[in-house]
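Take a look at the chain below.

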Amino acid sequence: MDVIVVFSPLIGAFIAGFFGRMIGDRMSELIPIGFMGISALASLAVFHDVVIQGNTYVTHIFTFIDSGTFETSWALKIDQLTSVMFSVVSVVAWMIHIYSMGYMDHDPHKSRFFAYLSLFTFFMLLLVSSDNLIQLFVGWEGVGLVSYLLIGFWYHKPSACAAAIKAFLVNRVGDIGFALGIMACFVIFGSVGFDEIFGAAGDHAEDTFVFMWWEGHALTIACVLLFIGAMGKSAQLGLHTWLPDAMEGPTPVSALIHAATMVTAGVFMVCRLSPIFEYAPIALELVTYVGAITCFFAATIGIAQNDIKRVIAYSTCSQLGYMFFAAGVSAYQAAIFHLGTHAFFKALLFLCAGSVIHAMHDEQDMRKMGGLAKKLPWTCALMWIGSLALAGIGIPGILPESWHLPGLGFAGFYSKDLIIESAMGAHTTQGVFAYWMGTAAAGLTALYSGRLLFMTFHGKSRVEKKTWEQVHESPWVMIGPLCVLGFGATFGGGLMYNWIVGGGMEQFWGASLFTLPGVSPIEASHHIDGFYKLMPLAFAAAGFAISIICYAWFLDWPAKITSAFRPVYLFLLNKWYFDELYDTLFVRPARYLGYHLWKKGDGDMIDGVGPDGISAVTLRLARQAGRLQSGYVYHYAFAMLVGVVVIVTGYLVFAGG
């Protein structure tokens, strides 16, 4: 079954990509969707086999590299972590494939789009089932490559091409660190296989690297390098700038990248490598601080954006910060739990945004919307579900104790609050810092979620009259997948809570996630003071209340606030000026250096002295020599006389010597 899960999307991509013109547009859609459905159903069978039956195994496919003492294979590592990722990735991707039939209905390149979409899913499934670091790297680079193709799918738009290049280049920066981290692991352990690395992690806990005059802790160096790769792929602070620009691709692409595939790869990698991160506490501190700062930073930007997709994009960046600081305090189970719930409500939000954009004839500015609930009732209701799940809205303590649930709420209520509480339960400086950053971000998340809802669906319509008359609800091929995702965003957290992070946590995860002996941060989170438990929910309620006041009741307040705090507003609107900063520090110097190397180095020196110089000298000499060919006999006689004099003089000088 595991082979079916991974390779079914590849078959669909191959057929749609190479035979799309032969089979036509409709079959180019249906065949990838069918194979994606087979993968999704097979993933549920794998989940049952692994989690319910307790079977974990490795499926060896073939030997990939065998050179001297270095040997690595293509193999699928099937354990609890893989089975969870299989289910999340394949089910969400299947819904996005179905939705794309309606969204891309008028696009002339359906076969290419569905081929890319299925290929993207294949590489992600290959990544999460990897048995070694080399295979993980292949999947890692595969999703990076196909993201470039999907973000730049509409290549006739210069902005799409620029966004695709930006995503590719920024990820290459992170991938340099990731590749060096893999090399460091091989140097330390003499292997790239997970079983060999995990089994020997404790034995190498005190190893050091010596480089020139500097000595450092080996596992810390390896883990920091690996985390740099995760920062690029999962858009953490500093390497996040590609993520908002990735909105240039079709909306289903945004949903797939942000919900279940590319951006979650970094979180998965850190959790998969928990046996070595646990022996690198400094690296875990770095993960915690970066995740916590990213969580807050991205949320502040989200409250100022006007593009509906960019608001959701920055929410992804923020939610990934939650996942990372959960992993940083060793609450890996909570990180994967939030990864799963986030996949459903984030895919739901993006696809609902796509439904709005589809109805509004590609308009994405929320300032030109309003009142759309009348025209898009299903989309509005489902967007409310996704937004409430994102904001983590719920009521704590109202369910019977026999249910073993912290309360009743949407999916994000269970996973996000658990992460924040686990950070406090870790009882470390970085944990407390992450708690307050996460709590503040919870308030901002509720604020921008409410802002999106009220600006888009409620209040007075700001839609042009001509467009308003044409606005209509999306077809059921688009609404159907939204309903499935809406079910997951509503009930997914409560249904899976006890298995993943509750009383059955240890049995559920088995040996797929590792923490050093001691009190688990998740267990400790149940015993923190009630004040700290209620604080995230209070911030979320306050944020949502502010959104109601500013965007439903007193509509002139936002303009007054932005006018009063103009510098702050511009700072957030311009995304903390990271793009401008990078343009000044890296882009302009690189362009200046490249231009002058081209003009001065290549043009003046290399070409000037080399091919162009030699040809110019030859041409000049030829022209000078050509002047001697005058056609007058006395000129030729004179030249002959000069020649005779030179020859005789030379003979007398040298022969006489």
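In which helix is V311 found? V311 sits in helix α13, residues 308–328. This is a predicted model, in which local features need pLDDT of at least 70, side-chain atom pairs count only at pLDDT 80 or more, and totals for chains, interfaces and linings use all residues. Residues are numbered from 1 along each chain as its sequence is written, and side-chain values use heavy atoms, with hydrogens and water left out.

Is V311 buried or exposed? V311 is buried, with a relative accessible area of 2%. Buried means under 20% relative accessible area, exposed means over 50%, and partly exposed lies in between (1.4 Å probe, protein chains only). Leave aside the neighbours within four places in sequence, and V311 is in contact with G302, Q305, M366, Y448, R451 and L452. Contact means heavy atoms within 4.5 Å. S449 is 138 residues away from V311 along the chain, yet the two C-alpha atoms are separated by 8.4 Å.

Now step back to the chain. It has 27 helices and 6 strands. These are DSSP runs numbered from the N terminus: helices are H or I with at least four residues, strands are E with at least two. The C-alpha trace spans about 125 × 70 × 60 Å along its principal axes. Of the 657 residues, 54% are buried. Take the contacts between residues at least 6 apart in sequence: 78% of them join residues at least 24 apart.

Next, the core. The largest nonpolar core has 195 residues, and W242 and I276 have the most contacts inside it. Helix α14, residues 332–359, gives the largest share of this core, 19 residues. Such a core is a set of buried Ala, Val, Leu, Ile, Met, Phe, Trp, Tyr and Cys residues joined through side-chain atoms within 4.5 Å. Beyond neighbours within four places in sequence, I276 is in contact with C185, F189, I197, A201, L219, C223 and L226.

Helix pairs come next. Two packed helices are described by the angle between their axes and the distance between the axes. Axes are lines fitted to C-alpha atoms, for helices over the stretch in contact, and angles run from 0 to 180 degrees between N-to-C directions. Angles under 35 degrees count as roughly parallel, over 145 as roughly antiparallel, 65 to 115 as roughly perpendicular and the rest as oblique.

Start with α1 (residues 2–52) and α3 (residues 110–128). Their axes come within 9 Å and cross at roughly 165 degrees. The two helices are therefore roughly antiparallel. Their contact has 16 nonpolar, 7 polar and 3 charged residues. Here Ala, Val, Leu, Ile, Met, Phe, Trp, Tyr, Cys and Pro count as nonpolar, Asp, Glu, Lys and Arg as charged, and the others, Gly among them, as polar.

Helices α4 (residues 133–151) and α7 (residues 218–233) pack at about 25 degrees, with axes 12 Å apart. They are therefore roughly parallel. W140, V143 and G144 in α4 meet G229, A230 and K233 in α7. By class, this contact has 3 nonpolar, 2 polar and 1 charged residues.

Finally, α15 (residues 377–391) packs with α19 (residues 476–500) at an angle of about 30 degrees, axes 10 Å apart. That makes α15 roughly parallel to α19. The contact of α15 with α19 divides into 9 nonpolar, 3 polar and no charged residues.
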